[in-house]
Amino acid sequence: MTTHPGASLSAGASAQDRVREGAYRKVTLHLIPFIFICYLFNYLDRVNVGFAKLQMLDALQWSESVYGLGAGIFFIGYVASGVPSNLLLHRLGARKVIGTLMIAWGIASACLMFVTTPAAFYSLRFITGVFEAGFFPGIVLYFTNWYPASRRGRIMGLFMSAIPISGLLGSPLSGWMMQSFAGHGGLAGWQWMFLLQGIPTVLLGFLVYVLLNDGIAQAKWLNAEEKQLLRADLDEDERQRRNGANTADTFASVLRNKHVWMLGLVYFCIQMGVYAINFWLPTIVKSLGFASPVAVGWISAIPYLCASIFMIWVGRSADKHKERRWHLSGPLLMALCGLLLATQAHGNVVVALIGLSLATMGALSGLPMFWPLPTAFLGSAAAAGGLALINSLGQVAGFVSPFLVGWIKDATGGTDVALYILSAVMLLGAILVLRVPARIVNR
């Protein structure tokens, strides 16, 4: 019996593909669950002031504008420290830098329980922003050490589903903490919430030193063949990127690349909607007639539940079809429609929740769909500074959005005008996405 040569080659390729897929499963199972939990607390520590506000403002006699400025000033520290933090991570490795940053911001976030003046509130929010700045762009950079561009859509979807799940779990949990612990040890419910949500972050920071590897070469849980195949995929990914006409290979070329600045503006537009939802959703839900913090928590969880499912589905679809622009602009248009619908609810709980759910699904799904775009054309030498620069440009919205909504609410007594403005910003983001050339992002 003779064997056709092609059959042997096909069998060899098939066996190699099975090893490759097995290696990626190992990487995903080893990295994603733990990083997911870290990001969940990263985001929870960033936005839990939205829940604290339900009790904090009355207890401390602060205005909506004081809250909006405090919520937003976090991002001044975040933007100022983003690029230096990521360059430091690139030099020292993810394990050391991310672990240290988590311990530091967990302590700063927990210390918010002690604030009694706006100045102390602003200072601690700023410090927390400084320490959190390196985490997210650092993790995006970290993934480029493990996954080629063709696999990052679904991975970013899995990773960033921590955002809606932090709302899904964090909203009822925050409401329960604030109601159940109020008065214990002479502390208010909002003070207990800051403490109980800051401690796990510190503990996770210590675990980072133990559980994370800086790259494929350090992963003792991969065998030699698996490491070779994964390294070959990354090398091929880098070769394709260098062949692209718009590839940025140095930080200087990043600063000259118009697509980097355009994507920074797109990310700003996305984050304007995201942070408006994260910081003001509990307040909007409370205005619908839900007085109890626990009730507000459970109702606020509904939009996040919808977003967590939709986000993962969109990530898988984008990788399957190797298409990025419409998978990003589509959710942004969905967010626009949701915000407009929410303004027309006029106290109708069902309509308001449908609108808020659509807005949350669209805005939050825009986040994981965005990040494969810059990583598709930033060369490895430029990725550390480039990703941090784009992230910092987008995070300016974290200051503008909550402050704008708070100022408008103080001036008009409602949030409708702010939601109209945010809808226009979502439309601008969708239009800009469609202007990014498909050839540099659809990989």
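Which residue just after H2 takes a positive phi? Select Gln61: this residue, just after H2, has a positive phi of about 60 degrees. Please bear in mind throughout that the model is predicted.

**Helix H2**

Next, select residues 49–60, which form helix H2. Its end C-alpha atoms are only 14 Å apart, whereas a straight helix of twelve residues would span 16 Å at 1.5 Å a residue. H2 is mostly covered, with nine of its twelve residues buried. Colour the buried residues of H2, among them Phe51, Lys53, Met56 and Leu60.

**Helices H3 and H4**

Now select residues 64–92 for helix H3 and residues 94–110 for helix H4. The two helices pack with their axes 7 Å apart, at an angle of about 135 degrees. H3 and H4 are therefore oblique to each other. To view where they meet, display the side chains of Ser85, Leu88, Leu89 and Leu92 in H3, together with Ala94, Lys96, Val97 and Ile98 in H4. By class, this contact of H3 with H4 comprises six nonpolar residues, one polar residue and one charged residue.

**The nonpolar core**

Finally, turn to the largest nonpolar core, which has 131 residues. Which residues have the most contacts inside this core? They are Phe136, Met160 and Trp371. Centre the view on Phe136 and set aside its neighbours within four places in sequence. Phe136 is then in contact with Tyr39, Tyr78, Met156, Phe159, Met160, Tyr267, Trp371 and Asn391.

Methods. Residues are numbered from 1 along each chain as its sequence is written. This is a predicted model: local features need pLDDT of at least 70, side-chain atom pairs count only at pLDDT 80 or more; totals for chains, interfaces and linings use all residues. Side-chain values use heavy atoms; hydrogens and water are left out. Axes are lines fitted to C-alpha atoms, for helices over the stretch in contact, and angles run from 0 to 180 degrees between N-to-C directions. Helices (H or I, at least four residues) and strands (E, at least two) are DSSP runs, numbered from the N terminus. Angles under 35 degrees count as roughly parallel, over 145 as roughly antiparallel, 65 to 115 as roughly perpendicular and the rest as oblique. Contact means heavy atoms within 4.5 Å. Ala, Val, Leu, Ile, Met, Phe, Trp, Tyr, Cys and Pro count as nonpolar, Asp, Glu, Lys and Arg as charged, and the others, Gly among them, as polar. A nonpolar core is a set of buried Ala, Val, Leu, Ile, Met, Phe, Trp, Tyr and Cys residues joined through side-chain atoms within 4.5 Å. Buried means under 20% relative accessible area, exposed over 50%, partly exposed in between (1.4 Å probe, protein chains only). The expected span of a helix is 1.5 Å times one less than its number of residues.
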